[in-house]
Amino acid sequence: MTGIFQKLIWKEWREQRWKIAYMSFLMLSLAVIGLRTRMLPDIAVLAFDAFFGAFLLPIFVGMGLFASEKSEGTLSMLTSLPIKPWKIFTVKMIHAVVICAIPFAVTLAAVLFLAGDREVDTATIVRAYLICYLFSIVFLSWIVGFGIGQPTEARTALVALAVVLAWSFFAAAEDSFNPSGYLFAIVTPFGFIENIDHPSHRLEVFSSQMGIAIVLLIQASIRFTYMRKEKA
Amino acid sequence: MNTLKVLLWKEWRQQRWFLLAGVILFWLVPFIGMIVGLYTGEPIDRSLYHMREFVCGLTLSMGGFFAIILAVGIVCNELNSDLSNFWQSRPIGLAQWLLVKYFFGLAVVIISCVLCFFVLQKMFAIAAPSEFYNSDLLVPIYHSFTLLLVYSTAFFIGVLVRQTVNAAVLSVCAGLVIYFLPLVFPPLGFLNVFTILLEGDAYKVKAGIVNLTFIYSMLVGCAGMLFLTFAGMKLNWRIRMEKQLMFWSLGGVVVILLASAGFQLNANLTCEREIPRPQKQQPGEYYVYYNVVMTGKTQGVLAFQGGKETNNKVDERNVRLYRFDLSSQNVFAGPPICTDSYDAREQYIHINALNSPKISDRLYLVDEVYSKITRKRKEVSLSYVLLNPQDKKPMGFKLDLTSKFANVERSSLTACFYKDSIYVLCGPTLVRISLANRDKPEITDIVRSKSEFGQWMFLERYTIAKSTKPLDENNDPLTLRLHQIPGLNDRERLEVTLLLEEQRSWGRSMFTLKDDLLVYFEGETSSLGTWRLSSLNSDQAVFLFIGRLRATPLERFMFLISRPEGQMIIDHDRVWLNGGTNLMVYDIHDPATPRRIGHFATHGQRFFTMVSLPDGKILLGGDKLYIISPPKR
């Protein structure tokens, strides 16, 4: 069993490692070009880079987790292995979380080396990247939660876009009906970013985001189990 | 049933979901937003205005993406399935099949992304005709053609690649190139939709002139893509690339575009010192530095304007004057020297603070009170504030000027200090106030021009450009008509006229004079020109052209000038240009070849005022105070 488990981890690593290289290259390039040329203030470059990663990374990773197995026809083989589906699901999700972390970590290290305490203090830079990383993880859980049944990567990407659009409309609706409320911050991962200005809600936002992410992942795990039964 | 009907029916069946998604995204959502706005008590014209802005942003950000998804989706779904084999076995020509598919998809794009904008514009024009301008049509006119090219390119790529994800990634690459390559590569600037949308051509649309070069280029591009699509299908061209290679291509395009932009814009100037605002007097207040007046080498007075918000509505506005000393660690020592607040629900106040090194013990203020409802000026007055800390009564007397500026309630007002007098200009009326008695200023002259406009010949450049005679800046002189102020010689008249005129909101243009050199920043082309004074008499000054620096499309996009905060200073052969959200520095050491040597931008902050410090640095005021060192030449 341990052998299969290790092979599963190895398989995921082999399949996903180019994504780490790709996203690290993109985020690093944006940060290095922006900070070296100093075309904009450091804070603008960092905000752009971190948001870029926070939005793109989960879509990119989420697309390839389950939909690619389906479209390439390897899901049947994977689910027929003598290992519980929730373990397969967990291995994939741990990989996804790690894949999201590495580009952020690599870029953060480069940013601190190039512009730490130059215009923005180190603590703020670290906090900004950490917040964007948390955002990306919660966004990933939304993509997996709503997109696990999709047959192709393109459709999973569309689900991710639909999620972002739904958040936007939610934000607009709350702004119209209840400008002083913070339901949007509680429900969507934008709460992490809004927390920078309103640290008093930090615990509520963090716990609600984690709660939502866990619920979405549990339901995705259950659906994944049923997918195996359907295959059978 | 004929073949065309069959094909149309097939396309309808295939594309109706895309149409539904487009209608929901670009029609239904704004419509719901408008209903919500009306429900929350917003007037219908405001609600329509907000929706138009929302649709504008949505189309610009999502329109291209929607066109790519649609084009790739309809092509790949068909060519990548057995359906294509079935249709190829039918007696239907390739051209017919292709054209029906292409134009049906095009119709979906236009109905979704373009038509809604025209409908909203029409509704807005009916609801608020006084606020509707032809320039508001810029987005639907120009961006539609970019959308067509993006759609056509994605359609062609779909035929070549035939794998949905791969085709979509490659189409996004192409879309980035279409949108951004003309921005970073100056020779392709005429294809750049952003600068057309953001500035300049608004004037031309107003004048009924459409940028046909751009439109023709886009249409030629679309026709070329359609032809290539036909050839690709006929000759069975295929691109077989790994998914990873597609993504790396996309990454490469992004990095190349960004690197080109970064190295073209060059370094943002480092802020030497950033000074936060003084402590707020009450919670919930917000403030911006509105005016900075230097009273010594490092001392000066800041005029703050701010307000207090309740439920996102400003109820109260405050004006405060703080004394500052830049040489001190604690820049703002002591409480404000003057505080004034007023009810901002029905009116707002604009303050022009004036000071002369000769009169360092007081600050003169020209106050304008506007009605928030009618947007008309209700009151103009001159007052002063004593700057001596020992004075118990800081606010001095008030001279009412309202009756002098009757019937010009909407014209901009400017004021300047010049040789013991204050000059206030509004519309065609110029008032001179003598400060011979500092405690009791009095009006000495009132000069009325024949008309408000036409001081500057180059304001008539639009008219010249429209006429049959094209503008030849090398030979056409620039003529400034002078204000006929009694008691001043020709040079003094020129200087006062320039001091007053340079503060007026002439579109996004700015100018200033040093000795005989006039520097003129032309807003509609974002170019900096230099002109030499050639002749001067009591009526007019004539300037001859020396040189010009034209901004690249990227510079025009990044350094957009937002008046009325704009301001220009010449100091040691450097021109500092405050564009409201960014500061640009030009070297005019050789006036024939001006060049940009630096810029300073913050993250979303606005700059309202700028003064030159004795040590050559610049003090910039907005949401904070910034001290900027001059860049090296």
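**Close-up views of a two-chain predicted model**

**Figure 1. An aromatic cluster in chain A.** One aromatic cluster is formed by A:Phe55, A:Phe135, A:Phe139, A:Trp142, A:Phe146, A:Trp167, A:Phe170, A:Phe184 and A:Phe190. Rings of Phe, Tyr and Trp (its six-membered ring) pair if their centres lie within 6.5 Å; planes under 30 degrees apart count as stacked, over 60 as edge-to-face and the rest as tilted. The model is predicted: local features need pLDDT of at least 70, side-chain atom pairs count only at pLDDT 80 or more, and totals for chains, interfaces and linings use all residues. Residues are numbered from 1 along each chain as its sequence is written, chains are lettered from A and ligands numbered from 1 in the order in which they are written, and side-chain values use heavy atoms, with hydrogens and water left out.

Figure 2. Over all chains, the structure holds 43 aromatic pairs. In one of them, the ring centres of A:Phe25 and B:Trp248 are 5.5 Å apart and the planes stand at 50 degrees, so the pair is tilted. A:Phe25 belongs to helix α1 (residues 2–37) of chain A and B:Trp248 to helix α10 (residues 243–265) of chain B, so this pair joins two chains. Helices (H or I, at least four residues) and strands (E, at least two) are DSSP runs, numbered from the N terminus. A:Phe25 is partly exposed, at 32% relative accessibility. B:Trp248 is also partly exposed, at 31%. Buried means under 20% relative accessible area, exposed over 50%, partly exposed in between (1.4 Å probe, protein chains only).

**Figure 3. Lysines over phenylalanine rings in chain A.** A:Lys19 lies over the face of A:Phe60, 5.6 Å from the ring centre. A:Lys92 lies over the face of A:Phe66, at 5.7 Å from the ring centre. A charge sits over a ring if NZ of Lys or CZ of Arg is within 6 Å of the ring centre and within 35 degrees of the ring normal.

**Figure 4. Packing of α2(A) against α6(A).** Two packed helices are described by the angle between their axes and the distance between the axes. Here, helix α2 (residues 42–65) and helix α6 (residues 122–147) of chain A have axes that come within 9 Å and cross at roughly 25 degrees. Axes are lines fitted to C-alpha atoms, for helices over the stretch in contact, and angles run from 0 to 180 degrees between N-to-C directions. α2(A) and α6(A) are therefore roughly parallel. Angles under 35 degrees count as roughly parallel, over 145 as roughly antiparallel, 65 to 115 as roughly perpendicular and the rest as oblique. The crossing of α2(A) and α6(A) is right-handed. A crossing is left-handed if the near helix is turned anticlockwise from the far one by less than a right angle, and right-handed if clockwise. Residues of α2(A) that meet α6(A) include A:Ala54, A:Phe55, A:Pro58 and A:Gly62. Their partners in α6(A) include A:Phe135, A:Phe139 and A:Ile143. Contact means heavy atoms within 4.5 Å.

**Figure 5. Packing of α5(A) against α6(A).** Helix α5 (residues 85–115) of chain A packs on α6(A) at about 155 degrees, with the axes 10 Å apart. α5(A) and α6(A) are therefore roughly antiparallel. Their crossing is right-handed. The contact involves, among others, A:Phe89, A:Met93, A:Cys100 and A:Phe104 of α5(A) and A:Tyr129, A:Cys132, A:Tyr133 and A:Leu140 of α6(A).

**Figure 6. Helices α1(B) and α4(B).** Chain B has 13 helices and 25 strands. Of its 633 residues, 52% count as buried. The axes of α1(B) and helix α4 (residues 94–127) of chain B come within 9 Å and cross at roughly 25 degrees. α1(B) and α4(B) are therefore roughly parallel. The crossing is right-handed. B:Ala21 sits in helix α1 (residues 3–39) of chain B and is partly exposed, at 40% relative accessibility. B:Ala21 and B:Ser112 are 91 residues apart along the chain, with C-alpha atoms separated by 8.6 Å.

**Figure 7. Surroundings of B:Asp367.** B:Asp367 is in strand β7 (residues 359–371) of chain B. At 15% relative accessibility, B:Asp367 is buried. Not counting residues up to four places away in sequence, B:Asp367 touches B:His350, B:Ile351, B:Glu379, B:Val380, B:Ser381 and B:Ser383.

**Figure 8. Loop residues of chain B.** B:Lys440 is in the loop between β12 (429–434) and β13 (442–448). B:Lys440 is exposed, at 57% relative accessibility. B:Asn236, in the loop between α9 (212–234) and α10, has a positive phi near 55 degrees. B:Asp573, in the loop between β19 (567–571) and β20 (574–578), has a positive phi near 60 degrees.
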